[in-house]
Amino acid sequence: MAKNAVITGWGCYTPSRVLTNADLERIVDTSDEWITSRTGIKERRIAGDGETTSTMSVRAARAALEKAHMRGQDIQQVIVGTASPDYLFPATACLVQSEIGATRAGAFDVEAACTSFISALAIARAMIVAGMIENALVIGAETLSRLLNWKDRTTCVLFGDGAGAAVLEATNASVGIESTVLHGDGSKGELLMVPAGGSKIPATADTVERGLHFITMAGGEVFKLAVKSMADAAEEAIAEAGLTLDDIDIMIPHQANLRIIEGVGKRLHFPPEKVFVNIQRYGNTSAASIPIAMCEAESTGRLRRGDKVLLVAFGGGFTWGASVLEWFGAHDGLRPPSRLERASRVLEDVVERVRPS
Ligand code: UT7
């Protein structure tokens, strides 16, 4: 069995339509000054006609597969983390699995709101380490613009659409995901939710009339819980990885609010220059925010091979979690992980098992 799982491919996709704070000033009673000072957001991307969580996931997935030098049929498991799936069911992961030709893969969705990507990563890593699979395609994707009440200024200015993906592969080397911690507190679920459209309050003309199929949020309450929970999860994941805060080269937090990110940094006494922030351009893309940020951190040279990376998220549910990993990057950008390489991993495992202890 493999000792660990490592990210060998990554990709992201954001829609081309940009909605600026100035655009929002024409839609609701808000201002660029309020949005910027309270959240750090300047603009966000909005899915175009025909774009959905699955179509954006597919774009991100194809980029990640290319980086990993893999094809759809090489993938053994597709996991999509999302709170805005194409349908209640079938799972968005099934739509992605079919579209990328991952004909050998299992497929399911994970719903832990903004913590969905870290949750999906934890599951994929556990499946790999348990020997169930050798690789997985893990995606965080959202089309929250379709769940927003565009008359509610307390929510519609905050969120955006997009997708990010990562290919995880088994490895016996000491790189990859070093820890994942996940938490939940369902007693606070009503502070951030979509009330109608599920089995408790099925969609009717009345629920639509009352706007119950939109996101509702008690922002102030969520804010306070977010800072403490993210800081606690970060400390726990770092300790579980056997590291200290000083060992972390870059923190990639969920991008919900610049003030939340700064609050977490302050609470941890973590240097701000080591925190990756791109909320100004995308707003809160929920499950997609960490994989999109990871992609941008890599493409801008902020994320390099050997870096110790801290991912940390918080979201509706409530859910929160963190992961520490050592960034490996692509397979030298030169070669695909060959069948020989995969076979040699199996051989290593056999040798390991028969070796006298
Ligand atoms: O991904 C995880 C889920 N979400 C989050 O993490 C969000 C967490 N919460 C937050 O980020 C912040 O609480 C918000 C950005 C949502 C709100 O910031 P705040 O500093 O907590 O503002 P507030 O809710 O206390 O509202 C202050 C005022 C209110 O007016 P009054 O009652 O003081 O007259 C609001 O009505 O700001 C008003 N307001 C706005 N004004 C202009 C609320 N939204 C807007 C707006 N434009 N868009």
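Which domains does the domain assignment of the protein give? The assignment gives domain 1 (4–178) and domain 2 (179–326). Such bounds come from an automatic or database domain assignment. The model is predicted, so local features need pLDDT of at least 70 and side-chain atom pairs count only at pLDDT 80 or more, whereas totals for chains, interfaces and linings use all residues. Residues are numbered from 1 along each chain as its sequence is written, and side-chain values use heavy atoms, with hydrogens and water left out.

The centres of the two domains, taken over C-alpha atoms, are 13 Å apart. Contact (heavy atoms within 4.5 Å) involves 51 residues of domain 1 and 46 residues of domain 2. The size of an interface is often given as the accessible area lost when the parts come together. Here, buried area is the accessible area (1.4 Å probe) that two parts lose on being put together, summed over both. Between domain 1 and domain 2 it is about 3,800 Å². Carbon and sulfur atoms give 66% of this area. On the domain 1 side, Cys 114, Ile 118 and Glu 178 lose the most area to domain 2. Together they account for 19% of what that side buries.

One salt bridge is counted between the domains. The term denotes a side-chain nitrogen of Lys or Arg within 4 Å of a carboxyl oxygen of Asp or Glu. Glu 178 forms a salt bridge with Lys 308, with 2.7 Å between the closest N and O atoms.

Several elements each supply at least two residues of the domain 1 side, including strand E1 (4–13), helix H5 (116–129) and strand E8 (176–184). Helices (H or I, at least four residues) and strands (E, at least two) are DSSP runs, numbered from the N terminus. H5 provides the largest share, seven residues. By residue class, this side holds 23 nonpolar, 19 polar and nine charged residues.

The ligand is surrounded by 23 residues, a residue being near if one of its heavy atoms lies within 4 Å. The closest are Thr 30, Arg 38, His 254, Asn 257 and Asn 284. An N or O atom in the Thr 30 side chain is 2.7 Å from a nitrogen atom of the ligand. Asn 284 places a polar side-chain atom 2.7 Å from a ligand oxygen atom. For Arg 259, an N or O atom of the side chain is 3.0 Å from an oxygen atom of the ligand.

Backbone geometry was also examined. Most residues other than glycine have a negative phi, and most peptide bonds are trans. A cis peptide bond joins Phe 89 and Pro 90, with omega about 5°. Pro 90 sits in the loop between strand E4 (77–81) and helix H4 (92–99). Another cis peptide bond joins Gly 317 and Phe 318, with omega about -10°. Phe 318 belongs to the loop between strand E12 (308–315) and strand E13 (319–326). His 269 is not a glycine, yet its phi is positive, about 55°. His 269 lies in the loop between helix H9 (258–268) and helix H10 (279–282).

Terms used. Nonpolar A, V, L, I, M, F, W, Y, C, P; charged D, E, K, R; others polar. Polar contact = N/O pair within 3.5 Å; in protein donor to acceptor, adjacent residues only side chain to side chain.
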